[in-house]
Amino acid sequence: MNITVVRSGGFAGIRRTWRVVVNDESSAAVDEWLHIVDACPWSDAVDLDGDGVPDRFVFVVTVEALPLESASTSQLHATLPESRVVGPWRQLIDRVQASDRADT
Amino acid sequence: MRCTIVPPYLLSRLARLDEAGLGGVAAAAHQTLMQTEPLRETRQAVAPRAAPPSTASPRPERTISDAGGREVLPGSVVRREGGPESGDAAVDEAYDGLGATHALFADAFERSSIDGRGLGLDATVHYGSRYDNAFWDGERMVFGDGDGEVFRRFTLSLSVIGHELSHGVTQYSSALEYQGQSGALNESVSDVFGALVEQHSRGQAASEASWLIGEELFTDMVEGAALRSMKAPGTAYNDDILGVDPQPAHMRDFVDTRDDNGGVHINSGIPNRAFFLVADALGGYAWQRAGRIWYDTITAGGLEPRATFVQFARATVEAARARFGATSAELDAVQRAWASVGVEL
């Protein structure tokens, strides 16, 4: 399972990408990530763009190669403005960013 | 788990990383799932336009708040107008930057604060943890401290402070929609007046200015002079992790993207370059003639919220003609500048 976070916008307008590849052989690791992924309201955030607030970030979150037994689709995709990055979205994005740094 | 390539200087983050715990996930998930409001409900509405500028107020009415590292606004008030220096660099930089921005609009354009009616100027500093950004939320300027590795604190740059407050001026004058070409114009207008705030504060003529936006923000670990160059868009930085400055300087290189609200911080390079060319051609203090034309353009009331580059360019031509005359050097400079960046009038 791969999870990618792309952040664009912000005052700098610099595009940044963070990515993790979850070890599918570790059920504990997969379960931890799926716990957060499943909590995100994906259907509400597809194709959502910026919120019109100058200089705030826009995030694109993609999950690929989801375990088939855990979902009806193998891929999830959401675009959401920074103002909507709360709750599980915030947990997921923070964790991807931290894991990307930690594994390097 | 595996991750992307990150340069050595980011390895120092390792020592400070927190364990990404899951304890709060269930509660956070419940909180979000209980939210029923449509996601687009909070999209910023177009602000009502203020009355035409009146006599400029002699001094600003500033209030600086401290978010204390949280992402909650406005935070606690730490300095008010006329109060002594706080000793906190971010607080005092924001206070001084608000003053410099107020001074440009008052001295050069006889505008009383951002709304033309003496509105108080509010800012919040120390927003979030390692927050790599500054923004205008419709009511106040908000500044992060940066992560200390790529970005330093955003109050260090006067052009950034001027940029953010100028979003307020645009909100109260033209309300350019923050998407696509009108969004890039919104961004460019903020860069223009952000640069002018800096030049006005330093007493710099056009030929003496750097025309860089955010010159002070990058740490020494980044290969770059600034976030953007109005004089030479696309040349501000070239860094292993950040990549190459993506700004175009000509319409033939216009970037079509869904990122960044349709590339508002990218394609702003084209009108930025046009403004620089006008200022460079006219010489002297840029706020006196080039800046005056741009200011007249956004305050004349003729710009549509979804204005294109061509429509904006035509509006600057009309503004130059109205203020300086049909045979003026100013009008000629404006027409030549837009032609140089490939915007057909």
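Author: Let us begin with a sheet. Strands of a sheet pair through backbone hydrogen bonds, either parallel or antiparallel. In this predicted model, chain B contains an open sheet of five strands with mixed pairing, in the order β2-β1-β3-β5-β4.

Reader: Which strands stand at the edges of this sheet in chain B, and why is one side of each left without a neighbour?

Author: The edge strands are β2 and β4 (134-136) of chain B; each has a single partner strand, so one side of each lacks a neighbour in the sheet. On average, neighbouring strands of this sheet are turned by 20 degrees against each other, direction ignored.

Reader: In which sense do β3(B) and β5(B) pair?

Author: Strand β3 (residues 121-125) of chain B pairs with β5(B) in the parallel sense, over two bridges. Across this part of the sheet, A123(B) has M141(B) of β5(B) standing opposite.

Reader: Which strands of this sheet does α3(B) touch?

Author: The helix α3(B) packs on the sheet and touches β3, β4 and β5 of chain B. The direction of α3(B) makes about 20 degrees with that of β4(B). Another helix, α2(B), lies across β1 (62-66), β2, β3 and β5 of chain B and runs at about 150 degrees to β1(B).

Reader: How should I read a helix such as α3(B) in itself?

Author: The general idea comes from the helical repeat. An α-helix has 3.6 residues a turn, so residues three or four places apart point the same way. In this case, α3(B) has 16 residues and spans 22 Å from its first C-alpha to its last, close to the 22 Å expected at 1.5 Å a residue. Just after α3(B), A175(B) takes a positive phi of about 50 degrees.

Reader: How many of the residues of α3(B) are buried?

Author: Of its 16 residues, 16 are buried, so α3(B) is largely enclosed by the rest of the structure.

Reader: Let us turn to charged side chains. How many salt bridges are found over all chains?

Author: A search of the whole structure finds 20 salt bridges. Because R79(B) lies in strand β2 (residues 76-80) and D92(B) in helix α2 (residues 89-109) of chain B, the pair ties together parts that are 13 residues apart in sequence.

Reader: Is R79(B) buried or exposed?

Author: R79(B) counts as buried, at 8% relative accessibility. D92(B) is buried as well, with a relative accessible area of 9%.

Reader: Which residue forms a salt bridge with D191(B)?

Author: The partner is R228(B), and the closest N and O atoms are 2.8 Å apart. D191(B) lies in helix α4 (residues 180-202) and R228(B) in strand β7 (residues 228-229) of chain B, so the pair ties together parts that are 37 residues apart in sequence. Both residues count as buried: D191(B) at 0% relative accessibility and R228(B) at 1%. Elsewhere, salt bridges that share partners join E110(B), R292(B), D296(B) and R323(B) into one network.

Reader: What elements does chain A have, from the N terminus on?

Author: The elements of chain A run β-β-α-β-β-α. Of its 104 residues, 63% count as buried.

Reader: In which sense do β1(A) and β3(A) run?

Author: Strand β1 (residues 2-9) of chain A runs antiparallel to β3(A), and eight bridges join them. V6(A) stands opposite V60(A) in β3(A). Strand β3(A) also pairs in the antiparallel sense with strand β4 (residues 76-81) of chain A, over six bridges; there, F59(A) has L80(A) in β4(A) as its bridge partner. Seven of the eight residues of β3 (residues 57-64) of chain A are buried, so this strand is largely enclosed by the rest of the structure.

Note on methods: Residues are numbered from 1 along each chain as its sequence is written. Chains are lettered from A and ligands numbered from 1 in the order in which they are written. This is a predicted model: local features need pLDDT of at least 70, side-chain atom pairs count only at pLDDT 80 or more; totals for chains, interfaces and linings use all residues. Side-chain values use heavy atoms; hydrogens and water are left out. Helices (H or I, at least four residues) and strands (E, at least two) are DSSP runs, numbered from the N terminus. Buried means under 20% relative accessible area, exposed over 50%, partly exposed in between (1.4 Å probe, protein chains only). A salt bridge is a side-chain nitrogen of Lys or Arg within 4 Å of a carboxyl oxygen of Asp or Glu. The expected span of a helix is 1.5 Å times one less than its number of residues. Two strands pair if DSSP finds at least two bridges between them. Axes are lines fitted to C-alpha atoms, for helices over the stretch in contact, and angles run from 0 to 180 degrees between N-to-C directions. Contact means heavy atoms within 4.5 Å.
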